[in-house]
Structures are given as structure tokens and as C-alpha cells.
Amino acid sequence: MSDGLSGYNFAYLDEQTKRMIRRALLKAVAIPGYQVPFAGREMPLPYGWGTGGIQVTAAVIAPGDVLKVIDQGADDTTNAVSIRRFFSRTAGVATTTRTADATLIQTRHRIPERPLTEAQIIVYQVPIPEPLRWMEPRESETKKMHALLEYGVMQVKLYEDIAHLGRITTSYDYPVRVNGHYIMSPSPIPRFDNPKMNQMAALQLFGAGREKRIYAVPPYTRVESLDFDDYPFEIQRWDQHCALCGASDSYLDEMVTDDHGGRLFICSDTDYCGERRAAGHRGDTDLPANPAPRTAP
Amino acid sequence: MTADIDALRPGFENPAPDANAVFRTVLTGFSYPGRILALPIAIAAPPRLNATAAAVLLALADLDAPVWLTADVDTAPLRSWLQFHCGCPLTALREEAVFAVANPDAFGAVDGLAEFAPGRAESPETSTTVIVQVADLRADGAVRLSGPGIAAPRSLAAPPLSPAFWAVLRDNHARFPQGIDVILAAPDRMVCLPRTTLTEG
């Protein structure tokens with residue numbers, strides 16, 4: 001911890017807090033998809049900024065880990081930068097923006113496009129861990145519903161989408177069933193990312209700071225997105241390719257480029273896009289350094 | 001009870017990194033059940049505990065995690081060691097234990113394994129993690145493991161555990177989401193078996 005802050009324990013949390021979180025994590029891995037309550041601590045940043053994910057990361061991170069933090073796929077947004085800096089200062093660990101180099105990845109709302117390996121752990125930041133919360137506000141009831149696998153309301157919610165709109169319109173935080181048992185919120189990742197959770201080689205950990213819940217999906221575990229036989233689960237698709245790297249297999253963000261209705265679609269995963277461009281892939285659009293000057297009418 | 005300080009064995013040499021290294025090994029163990037993992041640190045174990053069992057308790061037991069000890073290992077020096085380093089309550093009731101240390105009996109079974117806390121239907125995490133001390137762990141045994149975390153079925157030998165032990169663990173698996181989780185602790189290595197792992201043979 002040469003360049004770290006003095007006066008703090010390694011990775012900010014005290015050892016007793018880490019043991020409490022670690023015991024919760026081990027039970028979470030042993031009961032895939034079940035939300036384990038934990039005594040979440042106040043963290044030096046507000047709820048909604050990844051306090052759950054940070055506590056999980058702090059309990060797991062080792063001095064030799066290489067940490068990557070992404071926010072909606074990007075390594076360079078405020079949330080990602082500040083969390084990366086938090087751990088480089090309090091734990092003195094190496095950080096990276098490259099998915100391939102990371103051993104620990106904390107994420108807000110995306111799974112990297114590059115498949116994760118057994119040598120990696122991914123930590124999700126979770127705002128609302130309870131997938132049944134919008135149908136049943138009482139925690140005492142949702143606990144019973146999970147215990148009894150009373151999941152009819154979730155199917156009804158998806159069915160109502162089909163009845164009203166002709167298709168399931170849930171595009172993020174799309175509910176999944178883990179190992180054929182519990183229904184789980186995958187956190188607000190786009191449903192495009194749901195298939196990546198199934199049989200993933202890496203351990204997946206989830207931390208919800210405000211709601212004080214930890215849950216997990218062990219590696220090589222079945223994760224199915226809920227659907228119907230006649231309305232099978234589908235991921236989002238785009239007509240466009242990434243304007244920068246030409247990728248047709250990644251999750252694309254829509255960027256408004258001017259006030260004439262100009263727009264671009266580019267990879268949400270900045271590392272994936274950068275790697276492809278470094279390898280010589282190019283998109284259809286020659287992105288100008290600056291928007292073209294507006295001509296007077 | 002006052003601890004005899006002179007007789008106390010030391011705990012972790014570097015508490016934060018040592019506890020982290022042991023925890024990460026256990027986390028990897030529960031993530032990839034059946035994988036034989038080396039104990040990552042050296043430790044002077046107290047009497048009747050092997051180094052792996054001692055390290056797991058040092059890393060994870062504290063005042064919120066009551067520990068149950070089988071009669072074989074329940075000695076005054078060990079009680080002093082646990083209370084000094086972990087500050088954990090010691091319980092005589094299996095169903096109260098967060099962690100338990102058990103030894104196989106002369107028949108290779110673990111007496112009373114089914115009496116540890118299985119957790120409740122609405123809170124299955126309130127179950128006991130049982131540390132079973134074994135002589136050795138090898139990947140060439142007759143026991144077949146499958147379930148989450150196991151890409152291709154694994155084999156395991158854990159002498160002196162006998163089929164009677166594995167039969168109890170199979171019943172435990174059938175109770176999912178309730179059930180105990182098991183850490184098989186050989187002197188220098190461990191295998192973790194969460195309740196999701198199906199054991200056959």
C-alpha cells in the first residue's frame with residue numbers, strides 16, 4: 001500500500017465487516033439466486049452510486065487483484081473513475097480498463113462483450129435486488145413467495161406486456177431463473193446481456209447497498225430468462241453496426257451528434273470497441289473530430 | 001476461564017491479507033465444488049485442529065458466528081485459542097452453530113451431521129457450515145460430483161470418509177434450498193461442497 005491512504009484498513013472496510021460480508025457471500029454462492037441479507041455499512045458515497053458493489057468488492061479484493069470498473073459499459077464515466085480511484089487509494093491495487101487483464105470487474109448495468117474466464121470475478125451493482133418488488137411491495141410476502149416458488153405474478157406481468165403490446169417490452173433488469181429454482185433480478189443490465197450469465201465461467205456476485213442484500217450465481221450455472229413457449233426470449237438487435245469499429249455483435253448506444261437529427265450507434269463497451277479499432281476494424285462512419293459547422297440558411 | 005498466554009499458538013501473521021487469501025480460497029472452493037485447493041498460507045495450528053480448519057475459522061469466525069466443536073477436538077487450549085483470536089461464542093447446540101468442526105468416526109461417517117442447522121425455508125442462509133477434518137483429498141476417488149460450478153463431473157476421494165457420509169450429504173442436497181454446506185479440510189488442502197453439489201457413489 002505504498003501510494004495508498006494511511007489510516008485506513010486495507011480496502012477501507014474493517015476486518016469484522018469484511019468477515020460478515022464474506023460469510024454472506026459464501027452462503028450466497030451456496031444458494032444460487034437467493035438474496036442473503038447483510039449488515040450494509042455507510043460508504044463514503046451516496047446510495048445509487050454502487051455502495052453494494054463496493055462493499056462486495058472491498059470484501060473480496062486481494063492485494064494482487066487487477067480491478068476494472070465499468071458504468072454502462074464505459075471505463076471513463078464518473079462512477080467508474082471514482083470507484084477505481086477509491087480502490088487504488090484504499091487498497092493500493094492495480095487498475096485497468098482492459099477486460100482481458102482484469103481479475104475483478106465491478107460493473108454498473110453491463111456485462112463486458114469479451115467472454116469472462118475462471119480467473120475473473122464480476123461484481124454487479126444492484127439498485128433493487130427483489131425481482132417481485134413491483135408486484136408485491138411487502139418484504140415479508142416476497143420472502144414467502146421465494147420460499148414457496150410462488151412466481152405466478154412474474155409470468156402474469158410478462159403476459160400483460162404481450163396482451164397489451166404484442167411482445168415482452170422489458171428491455172433491462174429482465175428476470176431470470178437461476179439453476180431452475182429462484183427467480184433473480186440480473187440488475188439493470190440490458191436483456192442483451194442475459195444470455196452471457198448462463199453457464200458463465202466466472203463467478204458472479206451482486207451487491208445491493210441500500211436494500212442490504214447480497215446474491216450470487218456460481219460459475220457454470222443455468223441462468224434462464226423467463227419467457228413463454230409461444231413468445232420465446234429474444235435479445236435486442238440493431239440494423240446498424242458500430243460506427244467506430246463496425247461490430248455487429250455488441251450492444252450499441254445511440255449518440256445524438258448534432259441538432260439536425262444526426263445520430264450514431266456505437267459500442268457501449270468502450271474496451272471492446274477500442275480493442276477492435278486497435279486491431280484495424282473500422283465502422284462505416286468516418287467520425288469527424290468536430291461536428292461539421294452549421295451553414296446559415 | 002483465563003487463557004494461558006504462554007501456551008497460545010499465534011493466529012494470522014498478517015491479518016488482512018492472510019484472512020483475504022483464506023477467504024478467497026474458500027470462495028473459489030464453493031464456486032468450483034470438488035476442486036482441490038491448497039491452503040494459501042502457513043499457520044501453526046492449535047491442538048486437534050489441522051491447519052486448514054484453523055485457517056478457515058481464523059478467517060471467518062467472530063463474535064457473530066458461534067462455533068460448535070466435536071468432543072474429539074474440544075480441549076481447553078483450543079477453546080482459549082478460538083476465544084483469543086476469533087472472539088467467537090462456543091455453542092454446545094448443533095442447530096445454533098454457524099461453523100462446526102467435526103471428525104469422521106471409526107466407520108468413516110460423521111455423527112449427527114443431519115442435526116446441524118439447515119436454515120429455514122424463508123432464510124436458508126442461516127445454516128451451519130461444517131468443517132470436516134479428513135486425512136487426505138485426491139481427485140481419483142469413487143465419489144462423483146455434479147452441480148453448479150462443475151463444468152464436467154468430478155471425482156473425489158476423501159479418506160477416511162465412507163459411503164455412510166456421502167449418503168447423508170446426498171439427502172442434504174435433496175433438501176435444497178435448505179441444507180448444510182461442507183468444507184473438507186485436509187492438513188494442507190481443502191474441498192468445498194455446497195448444498196447444490198450432488199454427490200454419488
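Student: How many salt bridges does the rule count over all chains?

Tutor: The count comes to 27 salt bridges over all chains. In general, side chains of opposite charge can pair when their charged atoms come close. Here a salt bridge means a side-chain nitrogen of Lys or Arg within 4 Å of a carboxyl oxygen of Asp or Glu. Before we go on: this is a predicted model, where local features need pLDDT of at least 70 and side-chain atom pairs count only at pLDDT 80 or more, while totals for chains, interfaces and linings use all residues. Residues are numbered from 1 along each chain as its sequence is written, chains are lettered from A and ligands numbered from 1 in the order in which they are written, and side-chain values use heavy atoms, with hydrogens and water left out.

Student: Is the pair A:Asp75 and A:Lys68 buried or exposed?

Tutor: Buried means under 20% relative accessible area, exposed over 50%, and partly exposed in between (1.4 Å probe, protein chains only). A:Asp75 has 4% and counts as buried, and A:Lys68 is buried too, at 0%. Their closest N and O atoms are 3.1 Å apart.

Student: What about A:Glu118 and B:Arg35?

Tutor: Those two side chains meet in a salt bridge, 2.7 Å from N to O. A:Glu118 is partly exposed at 36%, and B:Arg35 is partly exposed at 22%.

Student: How many salt bridges does the rule find across the interface of chain A and chain B?

Tutor: Five. One more pair to look up is B:Asp62 with A:Arg19, at 2.9 Å from N to O.

Student: How many residues are in contact there?

Tutor: Contact means heavy atoms within 4.5 Å. By that rule, 38 residues of chain A touch 40 residues of chain B. Buried area is the accessible area (1.4 Å probe) that two parts lose on being put together, summed over both. For these chains that is about 3100 Å², with 62% from carbon and sulfur atoms. In chain A, A:Arg23, A:Leu26 and A:Lys27 lose the most area to chain B, together 22% of what that side buries.
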